[in-house]
Amino acid sequence: MTAVPPAAAPATTSPPPAPAREAAPGGGRRARRSAGRRLLARPEIGALIAAVAVYLFFFSVAPAFREAGSLATVLYQASVMGIMAVPVALLMIGGEFDLSAGVAVTSSALTAAILSFQLTLNVWTGVAVALVFSLAVGAFNGWLLIRTGLPSFLITLGSFLVLQGANLAVTKLFTGNVASDSVADMDGFDEARRIFASEVAVGGTHVKITVFWWLLFAAAASWLLLRTRFGNWVFAVGGSKESARAVGVPVDRTKVALFMGVGAGAWFVGMHLLFSFRTVQSGEGVGNEFLYIIAAVIGGCLLTGGYGSAVGPVIGAFIFGMVSQGIVYADWNPDWFKAFLGVMLLLAALVNLWVRRTATRR
């Protein structure tokens with residue numbers, strides 16, 4: 001007798017449940033690490049870490065540093081440097097330096113002051129001529145770089161010496177002194193002062209208008225770098241100008257424009273100095289070019305070009321403002337300021353190196 005096989009199971013209309021997907025070991029950890037590396041890859045992250053550390057340090061050791069008025073002073077010091085540090089940083093990203101940036105500020109202010117006073121013109125005429133002069137100096141530096149192929153270090157060092165000597169000689173020629181004549185009583189002074197050197201009441205304290213101009217310029221520079229074709233050109237020529245030229249990037253025009261940007265920054269800061277103090281000392285500005293470069297380097301810009309941001313030098317300038325004023329509020333010997341700044345530069349360079357290595361480590 002043969003066994004009868006059991007009846008077949010009735011067919012079901014619902015599909016069998018999908019097998020559970022096995023989670024990749026460490027997948028979430030890899031995703032989190034990837035996000036962290038993307039954050040660390042930002043050029044300004046090392047400067048941000050340093051800025052927080054410096055702020056907390058002076059906040060703890062200097063009670064006067066905690067006051068709102070002190071913060072306004074710190075921001076003012078940072079803004080005067082930061083307005084120049086932003087275009088200097090863009091130039092460094094483009095692979096070049098401008099050692100004439102410090103004295104160019106004084107040259108622009110002297111041009112406006114001497115021209116307006118000697119010709120008894122409205123100060124706005126001097127302001128306009130100073131802008132043309134500053135842009136021309138920047139364009140000349142860029143043009144000479146392109147035509148000769150010499151390093152920008154040498155070209156702008158020559159411009160630095162020329163402007164430094166001309167500032168003193170021309171000022172003595174027209175005024176018989178080492179400072180320009182006061183423009184406080186001239187037509188247009190009050191209007192120009194409101195734009196370049198006024199104060200804005202914020203939360204019971206007064207903040208210099210340069211702080212707002214500084215943040216506006218930094219935002220515009222960030223947009224220019226990250227959202228425009230010109231920003232791509234800047235990174236390209238800083239990385240490799242030969243490769244950039246091979247893919248159609250206008251290398252020469254980009255470099256000239258970057259030098260002119262430094263000239264525009266020098267003009268603005270020069271106008272601020274003129275309308276803040278009404279007169280300009282012809283020997284001012286010497287050595288400030290290194291402070292602008294330091295702020296850019298602390299902010300994550302590489303000396304070799306092709307890497308950096310516009311936010312980084314803002315943070316670097318803020319660190320400068322905190323250090324310069326924090327030492328005063330802590331009642332320390334101000335002679336230590338440069339030493340402290342040098343330590344900050346070395347630490348920032350080491351932090352930036354660690355950040356980049358961590359971001360690229362597999």
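Visitor: Which residue takes a positive phi in the hairpin of E1 and E2?

Guide: That's Gly203, with a phi near 55 degrees. This is a predicted model, by the way. The hairpin has two residues between its strands.

Visitor: What makes E1 and E2 a pair of strands?

Guide: Strand E1 (residues 199–202) and strand E2 (residues 205–208) share four bridges, and pairing asks for at least two, so they count as paired. The sense is antiparallel. As part of that arrangement, Val202 stands opposite Thr205 in E2.

Visitor: How do you know which parts of the chain the predictor is confident about?

Guide: Look at the pLDDT: the protein chain averages 86, and 86% of the residues score at least 70. Over residues 1–32, though, the pLDDT is below 50, and beyond near neighbours in sequence that stretch has two contacts in the model.

Visitor: Why is Ser79 called buried?

Guide: Its relative accessible area is 0%, and buried means under 20%, so Ser79 qualifies. Ser79 sits in helix H3. Leaving aside neighbours within four places in sequence, Ser79 is in contact with Thr210, Val211 and Trp214.

Visitor: What else does H3 (residues 68–93) contribute to?

Guide: The largest nonpolar core, which has 87 residues. Helix H3 supplies the largest share of this core, 14 residues. Met84, Phe275 and Ile319 have the most contacts inside the core.

Visitor: How do you know on which side of H9 the buried residues lie?

Guide: In helix H9 (residues 229–239), the buried ones are Gly231, Val234, Val237 and Gly238. They cover an arc of only 130 degrees around the axis, so they lie on the same side of H9. The face turned away from that buried side carries Arg229, Asn232 and Gly239, which are exposed.

Visitor: And what covers the buried residues of H9?

Guide: The cover includes H3, helix H8 (209–227), helix H10 (241–246) and helix H11 (251–277).

Visitor: Why is Gly306 called partly exposed?

Guide: Its relative accessibility is 25%. You'll find Gly306 in the loop between helix H12 (288–298) and H13. Not counting residues up to four places away in sequence, Gly306 touches Met92, Ile93, Phe235, Gly238 and Gly239. Gly306 and Leu91 are 215 residues apart in sequence, but 9.9 Å apart in space, C-alpha to C-alpha.

Visitor: What makes Phe57 and Trp332 an aromatic pair, and why is the pair called tilted?

Guide: The ring centres are 5.9 Å apart, and the limit is 6.5 Å, so the two rings pair. The planes make 55 degrees; stacked needs under 30 and edge-to-face over 60, so tilted is the label that remains.

Visitor: Where in the chain do Phe57 and Trp332 sit?

Guide: Phe57 is in helix H2 (residues 45–61), and Trp332 is in the loop between helix H13 (311–329) and helix H14 (337–360). The pair links distant parts of the chain, 275 residues apart. Phe57 has 34% relative accessibility, so it counts as partly exposed. Trp332 is partly exposed too, with a relative accessible area of 34%.

Visitor: How many aromatic pairs does a search of the whole structure find?

Guide: It finds 18. Ring pairs also link Trp124, Phe189, Phe196, Trp213, Phe217, Trp267, Phe268 and Phe275 into a cluster.

Terms used: Residues numbered from 1 in each chain as written. Predicted model: local features only at pLDDT ≥ 70, side-chain atom pairs only at ≥ 80, totals over all residues. Heavy atoms only, no water. Core = buried A, V, L, I, M, F, W, Y, C linked by side-chain atoms within 4.5 Å. Buried < 20%, exposed > 50% of the residue type's maximum accessible area, 1.4 Å probe, protein only. Arc of directions from axis to C-beta. Contact = heavy atoms within 4.5 Å. pLDDT = per-residue confidence, 0-100. Phe/Tyr/Trp six-rings, centres within 6.5 Å; stacked < 30°, edge-to-face > 60°.
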